Amino acid sequence: MRRGLVAVVCFLVACQNHAPRSTKPDVHADVGPGGGATPRSGGGATPKIDPKRLNEIAADLFVLASDHVPSGRELAEAAGALAAGEQELRAFIAGLVATDASSAFAPFALFPWESNPESPPQSFGQLFFQLSTFEQAGQTVYFLAGGNVVGGDIIAGSTKPPCSLREAERVRPWWDPEHEILVCPSSHRPDRIRAINGKHQLCSPVTAAFERQGCGCGPSLMYCIKSERLDDIGVSMRKEFTDTIAWSVGQDRPLQDLFRGRETVRDRWIDWLYRRQLVESGAPAELLSNAGWVEGRSPRPELHPGAHAGLLSSPQVAAFGCEPRQRLMAISNLIWCVKPRSVAVTADTVFRLPTNFRAPMQGWQLLASMPVCDGCHARLDYSVQFFEGITAGFHYDSRISPRPGSTMNMYMHDQFDLRGHGEQTPAGFAELAVSQPEFGACMSKRVAAHVFGQHATEDDVASLLEVFETRPTYRALLTSALVSYAERRLWSAGERGETAHADPAAAQLGLGALVEQYCSDCHDTGGPAEQAWGSSRALADHSAMVQALDSIGDRRMPPARDPLDPAVRQRFVALLAERIWPDAETRNAALDNYSGRLNNVEVHRRSSTTKIIGALTGVDLDGALAKITPFYAGRGRDEQEYTPDFALNTVIDGVAACKLAGAKDLADCVERATRLDAILPVAPR
Amino acid sequence: MLRRRFLGGLAAGLASLAVVPRLSRATTRPRTPYHLFVLLGGGIDAILSLDPKTRAEVDRSVDLPYDARSIHSTGELAFGPNMVSLAPWAGRAAVLRGVLTSSVAHPPAVGQLLLMRRGIPTGGKQVAFLDLVAGAHRTAQLPVVRFGNSGSVTPKGLILSETVFQRLLTLSPEELDVVRTQLRKQAEWLAGSRDREGPATASRLRGTVEFLDRLSALPGPAAEAWTTAPDAQEFAQQLQRCLWLFEHDLTACALVNHFRWDTHIDNYEEQGRASSALLPVLARFVEELAKRTNSHGSMLDQVRIIVASELGRFPKLNSERGKHHFPEIPMLFMGAGIPGGHAFGRTGRMMEALAMDLNTGLATGNGGSLVTLDDVGATLLRSVGVDPELHGNSGRHLPFLVP
């Protein structure tokens, strides 16, 4: 493989008597008695590492790199690299990360919610009208049930067919141009792409009361689809998103490239969606049947220069929200890890909204400039303007499209945080967006969350950000994170692998000095935060102290940009608790609640857990189990906990696997297949 | 055999005492009620439901699409046209109007409603309100059963009812026994851990084993026809299952969420459509509770129902006859420990919350305070013996709500 692995192989010669050599996946197979290794890096006396723990760490590296359960041989190689020293370990991990399997897993590791295979995006329903059918004389006739659009759903449609078989027209639909189907004339209307009475609104499912405006499915039934094909489109949309990421990661491209440029990896159906936009913009309807798609990564059809911004202009991302702000909320989370907060909103604030603020985006400039509101709306509402013209259902509406050559501002935290000014196109937005410091911080945070789970610290993110600044690729970030993860677990006294920090000066400070040092910069400014908790009154106000203890104990404060040394945090919390509760029993109970006493242990993702169970029983569970629910499929490692639900599903998976494997002793097999030391990434101490 | 199983579960539960949330300093307290949290997702319109008004009571800009005859009044309580199906149970219900949620975006608002605290960004390790109540309910932590999607806050003791029930049904008695045995072994393995999460998880797994022990000894819940509305069948089935779970002491808390009230278009019609389909089913649930008894008495005296949306609706219509969001909500409480027949709090001519006396819940001429979601959460937690401050909730006590 690589030079580093030569060393690994050499090392393995020494321990081959102990290492299992099976190619069968063998999660956490023991290296063997006496196989414990002594890491050589770091110099000085080093503790001997328990071989079981070495195996557990090695197995985790495979799962985290590529959602792959290692064979006995792979495990032994990894264990060897772990024991061999920092250089070999880094080389081995770089090899793991450079595989196709790791590239294919990258979208799910980086963007678990957005890549969720079990849940279509929110406004998926606005892509197409689903056709209804009736049967007459052995023939199927399609018709549009009509109704009204509410959010992502079309409701209150009539189930009564608007025509008889005799009146139906023969149409070659876009999804199968080789074959004709029968469609009611009022549901067809091939001449109608735009409504006649709707100020030239599209006839698409984003238009309310489309029937009254003379709309049908349009040429080649461009606005409609057979219900049984809809799921395929959903899969294709998601695959464009994940395959494009996998391709880019496979080429070790900068992460910024995911959100720039015309190229994506897509199938013919998604290519058709882009061509439909061209027809909606006025291009000839013939484009709908023009097969211009080429397999693999290629430039997309483009409405105008700058219309494409990597994945940001893909149908999957367009469908993340039913209205423009929702889409931008999703984009903000995708690229900057900024989530909607919406706190401290009062009725008075809402009443001061402009009186003409009645329709979506109406009066947005005023909203974006109002105190409190501007915390979200300066970012969202200005950013929305770059994408105007593309609706949630991935339609092109020229009525709201910016004029060529227009420019727009971009803001981040509020109306005073102007970040730049660019061409008012998706590409203009993307150039500004990926150059913000929040982009690198977000990608680093996502990789840290994937590797370190709930135990990712501000320091982990900061270290990865340093890597990002010199080499902004997923592989570089993942390699660095996995090396840190492995080393931390190897070298820490406890399995959790937390690193100890020391800030001796701060660890001696009293409560008042800690408040002054860590809180007053923000809370004594007289700004909105001051109203919630001001340091000037903090130590005299019981309720404020309870809030302070909670936010510091829960690591919400101080903010991530100003990380607190763990020892100082511990002292801060202890001193606050002492001030709040003089009674030791109550105080200890409160402190207990911030020590994980109420939490569950972390667990691998459900998809990884089923793979591990499959590996331990020697069966492939992929097709054997019911689909993993969207609840789990859209969650990253940092959001997984071994709840009763997770536990029940895991053990029931174990039963299914053991039955498939034909186990004679079901109880024994299930016990082995669902061992917690195999399915928890870090076994509790 | 069953008795032995039950005692085994009980013993395991007692062993898990150490990780049940610490209770407040109160010495004695009554039996903790079961809790059903009904989340009317999207934002029910106060003026159509729990805070109806007459034209004279509101500003002319406020949308009021009904006349005073549509208001059903029983003593202090008044139910709007969309809540009229619950009016027969006014004697067991209390309404708190004008509760500040301080949020107008669904995801954070849902998160804070499930925490019963404001301003906490979700996605961390927050412990849901129902987890704390479930911990106070008994020594073993029976799972919190969830129907529907609850957003980003996941109860630590979660069971997703639909999927797990379905999977459990596919198991033979022998396989179910294997599942129980393995969960028990996992609990034992975790209980010995020095990390605090290990024993906490072990305790919940023991509760799950107890849940399975009891479940396996029972016939499944019978499906009854509670409604003819097609879009309320799922809700009816979920509430029937909640009833069955409570009756058989299989869970302490259940959460039911239906996201049907986010009416930015055609507010009156869509609010009416959702409410007329689902709320009669809730009324039927209350009726069934009132009919049924166990060794501790009436089920209605043992189940506390909390009904709320994560956010409210702006009082004026938009151009599509819909209503946007509002950071204040009305809340409905019914059943165990709730002083029935009372309406607390008051809203003004623009449906805005007005200050109240936090001891009585009555409007004040001047002075008083606005009531917040934190206050409600803190009060409900205290009522089950959990000290809210130990969990970071510094909300004030509302003695009128749960005396």
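In chain A of this predicted model, the loop between strand S1 (129–136) and strand S2 (139–144) holds Ala137(A). The phi of Ala137(A) is positive, near 50°, and the residue is not a glycine. Most residues other than glycine have a negative phi. As for its surroundings, Ala137(A) counts as exposed because 7 C-beta neighbours lie inside 10 Å, and the cut-off for exposed is 12 or fewer.

A second residue of this kind in chain A is Asp67(A), with phi near 55°, again positive in a residue other than glycine. Asp67(A) sits in the loop between H2 and helix H3 (72–84) of chain A.

Helix H2 (residues 51–66) of chain A packs with helix H17 (residues 474–491) of chain A at an angle of about 160°, their axes lying 11 Å apart. H2(A) is therefore roughly antiparallel to H17(A), since angles over 145 degrees are placed in that class. The crossing of the two helices is right-handed. On the H2(A) side, the residues that meet the partner helix are Ile57(A), Leu61(A), Leu64(A) and Ala65(A). H17(A) answers with Leu478(A), Leu482(A), Ala486(A), Arg489(A) and Leu490(A).

One further backbone feature of chain A deserves mention. The peptide bond from Met557(A) to Pro558(A) is cis, with omega near -15°. Pro558(A) belongs to the loop between H22 and helix H23 (566–580) of chain A.

For chain A as a whole, the secondary structure comes to 29 helices and eleven strands. Of its 685 residues, 50% are buried. Among contacts in chain A between residues at least 6 apart in sequence, 66% join residues at least 24 apart.

For the complex, the predictor gives an ipTM of 0.90 and a pTM of 0.85.

Chain B has an average pLDDT of 88, and 91% of the residues score at least 70. Over residues 1–28 of chain B, however, the pLDDT is below 50, and this stretch has 50 contacts in the model beyond near neighbours in sequence.

Within chain B, helix H7 (residues 233–247) has 15 residues and reaches 21 Å from its first C-alpha to its last, close to the 21 Å expected at 1.5 Å a residue. Its buried residues include Phe235(B), Leu239(B), Arg241(B) and Phe246(B). Among the elements of chain B that cover the buried residues of H7(B) are strand S1 (34–41), helix H4 (161–169) and helix H8 (267–291). Asp249(B), which follows H7(B), has a positive phi, near 55°.

Finally, Gly335(B) is placed in strand S13 (residues 328–335) of chain B. Gly335(B) counts as buried because 25 C-beta neighbours lie inside 10 Å, where 20 or more are required. Although 34 residues separate Gly335(B) from Asp301(B) in sequence, the two are 5.7 Å apart in space, C-alpha to C-alpha. Not counting residues up to four places away in sequence, Gly335(B) touches residues including Arg92(B), Leu289(B) and Ile305(B).

Key:
Residues numbered from 1 in each chain as written. Chains lettered and ligands numbered in written order. Predicted model: local features only at pLDDT ≥ 70, side-chain atom pairs only at ≥ 80, totals over all residues. Helix = DSSP H or I, 4+ residues; strand = E, 2+ residues; numbered from the N terminus. Expected span 1.5 Å × (residues − 1). Contact = placed C-beta atoms within 7 Å. pLDDT = per-residue confidence, 0-100. Axes fitted to C-alpha atoms, helices over the stretch in contact; angles between N-to-C directions. Parallel < 35°, antiparallel > 145°, perpendicular 65-115°, else oblique. Left-handed = near helix turned anticlockwise from the far one by under 90°.
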